[in-house]
Amino acid sequence: MSLRIYGHRQLKTLPGMNTRPTSSRVRTAIFNIWQGAITNCHWLDLCTGSGAIGAEALCRGAEVVVGIEKSTCACDIIRQNWQKVAGQYQQWQIIRGDILTKLTCLTGWKFNLIYFDPPYASKLYQPALELIAQYQLLDTQGEIAVEHSSHGWLAPTIADWEICREKVYGSTGITFYRYRK
């Protein structure tokens, strides 16, 4: 299966149903919402899957894109996709492993935009968001977009953060967090 992103660029995807690529409609909405913040930003893509979100961030001018993905096969595809779309002065890195253990590798980093798209039925939402807050990975002016099922979602409460917007696109929901003002 192939996937198209910004600029009609074609990306590779993983065979089978082990990953659920973010739909084109949701990707477009995310990038429209964040359009003024992407150029030169530092972007973190958690549960990276095929890497389409990170690739799109690179295509739209992100300076640095970092992804964490558990699957070795997915990491190989992500590397190919990001290498294909990254410009000469853009930096990218894919970290293989479980996000709950690998987020510590990013201590000291600050990200302007974070996209978090775990398997919907996973128990990763609360602990991963708490680790992002604990390691202070979100820039004080940054935002996190959390993709989830639009049915039965209970947004985790994170100290010092607030929900700044919530969007629903069919069966997909996106909840945006930022530091409380």
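Good morning, everyone. Reading along the sequence, the chain runs β-β-α-β-α-β-α-β-α-β-α-β-β-β. That gives five helices and nine strands, where helices (H or I, at least four residues) and strands (E, at least two) are DSSP runs numbered from the N terminus. Before we go on, please keep in mind that this is a predicted model, so to speak of a local feature we need pLDDT of at least 70, and side-chain atom pairs count only at pLDDT 80 or more, while totals for chains, interfaces and linings use all residues. Residues are numbered from 1 along each chain as its sequence is written, and side-chain values use heavy atoms, with hydrogens and water left out.

Now the whole chain. Buried residues make up 49% of its 181 residues; buried means under 20% relative accessible area, exposed means over 50%, and partly exposed is in between, with a 1.4 Å probe and protein chains only. The chain exposes about 9,000 Å², and carbon and sulfur atoms supply 49% of that area. Those areas come from the Shrake-Rupley method with a 1.4 Å probe, and for residues only the protein chains shown count as cover. As for contacts (heavy atoms within 4.5 Å), take those between residues at least 6 apart in sequence: 65% of them join residues at least 24 apart.

Let's look at helix α5, residues 125-134. Which of its residues are buried? They are Y125, A128, L129, L131 and I132. These residues cover an arc of only 155° around the axis, so they sit on the same side of α5; the arc is that of the directions from the helix axis to the C-beta atoms. And what do they pack against? The partners are β3 (42-46), α4 (99-102), β6 (111-116), β7 (138-149), β8 (161-169) and β9. After the helix comes Q136, which has a positive phi, near 55°.

I174 is buried, at a relative accessible area of 0%. Leaving aside residues up to four places away in sequence, I174 touches a list of residues including V26, I30, Y115, A145 and Y169. The C-alpha atoms of I174 and A145 are 6.2 Å apart, although 29 residues separate the two along the chain.

On to charges. Side chains of opposite charge can pair when their charged atoms come close. We call it a salt bridge when a side-chain nitrogen of Lys or Arg is within 4 Å of a carboxyl oxygen of Asp or Glu, and by this rule there are five.

E143 and R165 form one of them, with the closest N and O atoms 2.8 Å apart. This pair links distant parts of the chain, E143 in strand β7 and R165 in strand β8, 22 residues apart. E143 is buried at 12% relative accessibility, whereas R165 is partly exposed at 27%.

E162 bridges to R178, again with closest N and O atoms 2.8 Å apart. Here too distant parts of the chain are linked: E162 is in strand β8 and R178 in strand β9, 16 residues apart. E162 is partly exposed at 21%, and R178 is partly exposed at 26%.

Finally, E56 pairs with R60, the closest N and O atoms being 3.0 Å apart. E56 is buried at 4%, while R60 is partly exposed at 23%. Which residues form a network of salt bridges? R27, E56 and R60 do.
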